[in-house]
Amino acid sequence: MSTATRLTLLIALGGCGSAPPLPSIELICDGSDTLRLTIGTGGGGAIDPTHAVLWEHGSFLFVQGDCSYWVPQIGSRAQHYRTGTLNSADAAELAEAFEFGRWEALGLVGMWQPRYGDFDIGDYRYYDGQNLIVCTRGCGDESTPAAVMRMRDSYGSWIVRLNKSGHDIDGPLRITATDRYNWPAVTVPRATWPLDWALTDIAVPWEEVHAQPPMFGTSRLISNPKEVVALRAIWDEYLSGQHGELWEPAIPFEDPHSPQVKTFAVVMRDTTPFENERGLIEWPWEARR
């Protein structure tokens with residue numbers, strides 16, 4: 001057999017020792033009610049202890065097999081969340097953007113390190129039900145695969161896109177409160193606490209809050225439908241600017257049940273289906289430990 005013939009056969013057979021073809025992108029929406037894609041980010045900066053409930057989840061994207069998804073609302077200081085259902089085009093593009101179904105084949109699974117000097121950047125974690133990719137402090141050193149960097153860089157645009165196609169969550173709330181809130185000046189009128197129980201039941205003294213690191217998992221769940229409606233009405237009023245510009249994510253309340261305290265600062269946020277009894281997300285990758 002001539003050299004030319006051997007070369008022709010090698011080319012026709014895919015070459016000598018060539019890598020196997022990559023598997024096709026897998027569909028995220030398989031019709032199940034299980035989590036198919038989970039992305040979580042966190043860290044990367046100081047947190048005001050009085051606002052810990054707003055940041056205990058970080059940023060996230062949850063997608064189930066039935067195409068339902070949950071994301072934080074853009075521009076809401078992490079208070080409001082959004083949910084929706086992926087259409088077929090978005091589902092296909094999302095799977096392609098995050099190389100769904102071929103992380104192992106591309107060598108993406110594992111922990112990727114940051115560039116030297118990058119400290120004030122949060123981690124990104126990607127989980128497909130079996131495999132975990134960790135982009136530590138934004139990763140980006142020379143060993144980080146280009147596909148991981150593309151996943152990191154596209155995350156923000158997907159949060160924006162899914163915000164636009166989703167809708168507000170109107171279910172239970174999580175709240176925390178502090179008393180004697182030390183604003184230099186309360187720039188908006190105080191709301192009247194609308195519920196039958198006193199804010200002193202949950203309020204933590206201002207000095208005590210600031211004497212310790214942020215305490216995650218200490219919020220009160222508000223699940224009674226009437227209480228949820230009452231608090232959401234006030235929450236929406238203040239966030240919409242009806243009472244002036246709200247400089248802090250906390251809403252000032254006066255409580256008829258607690259006249260000895262002039263002002264309570266109450267922070268609220270939406271909830272997701274993936275929280276435990278303390279309001280903390282049970283990240284699926286933690287179950288592997």
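This is a predicted model: local features need pLDDT of at least 70, side-chain atom pairs count only at pLDDT 80 or more; totals for chains, interfaces and linings use all residues.
## Starting at Gly40

Let's begin with one glycine. Setting aside neighbours within four places in sequence, Gly40 is in contact with Ser59, Phe60, Asp123, Tyr124, Arg125, Trp283 and Trp285. Its place is in strand β1, which covers residues 35-42. Is Gly40 buried or exposed? With a relative accessibility of 6%, Gly40 counts as buried, because the cut-off for that label is under 20%.

Gly58 sits 18 residues away from Gly40 along the chain, and the C-alpha atoms of the two are separated by 7.0 Å.

Across the protein chain the pLDDT averages 86, and 86% of the residues score at least 70. Residues 1-16 are another story: the pLDDT there is below 50, and beyond near neighbours in sequence this stretch has four contacts in the model.

## Salt bridges

How many salt bridges does the structure hold? There are 13. One of them joins the side chains of Arg269 and Glu56, with 2.8 Å from N to O. Arg269 belongs to strand β14 (residues 264-270), while Glu56 is in the loop between α2 (52-55) and β2 (59-64), so this pair ties together parts that are 213 residues apart in sequence. Both partners are tucked away: Arg269 counts as buried at 0% relative accessibility, and Glu56 counts as buried at 12%.

Next, look at Arg174 and Glu275, whose side chains meet in a salt bridge at 4.0 Å, N to O. Arg174 lies in strand β9 (residues 173-179) and Glu275 in the segment after β14, so here the linked parts are 101 residues apart in sequence. Arg174 is buried, with a relative accessible area of 4%, and Glu275 is buried too, at 16%. Which residues end up in one network with these two? Through salt bridges that share partners, Glu56, Arg174, Arg269 and Glu275 are joined together.

In soluble globular proteins, nonpolar side chains tend to be buried together. Here, the largest nonpolar core has 31 residues, and the members that touch the most others are Leu37, Leu61, Leu86, Leu94 and Tyr126. At least two residues of this core come from each of β1, β2, β3 (68-72), α3 (88-97), β6 (123-127), β7 (132-135) and α4. Which element supplies the largest share? That would be α4, with eight residues.

For a closer look, pick Leu94. Not counting residues up to four places away in sequence, Leu94 touches Ile28, Leu37, Leu61, Val63, Leu86 and Trp158. Apart from this core lies another, made of 24 residues, among them Val188, Leu195, Trp235 and Met268.

## A stop on helix α4

Helix α4 spans residues 146-165, and Ser154 has its place there. Ser154 is buried, with a relative accessible area of 15%. Leaving out residues up to four places away in sequence, Ser154 touches Ala97 and Phe98.

The side chains of Asp153 and Arg152 meet in a salt bridge, at 2.7 Å from N to O.

Definitions and conventions:
Residues are numbered from 1 along each chain as its sequence is written. Side-chain values use heavy atoms; hydrogens and water are left out. Helices (H or I, at least four residues) and strands (E, at least two) are DSSP runs, numbered from the N terminus. Buried means under 20% relative accessible area, exposed over 50%, partly exposed in between (1.4 Å probe, protein chains only). Contact means heavy atoms within 4.5 Å. pLDDT is the predictor's confidence in each residue, from 0 to 100. A nonpolar core is a set of buried Ala, Val, Leu, Ile, Met, Phe, Trp, Tyr and Cys residues joined through side-chain atoms within 4.5 Å.
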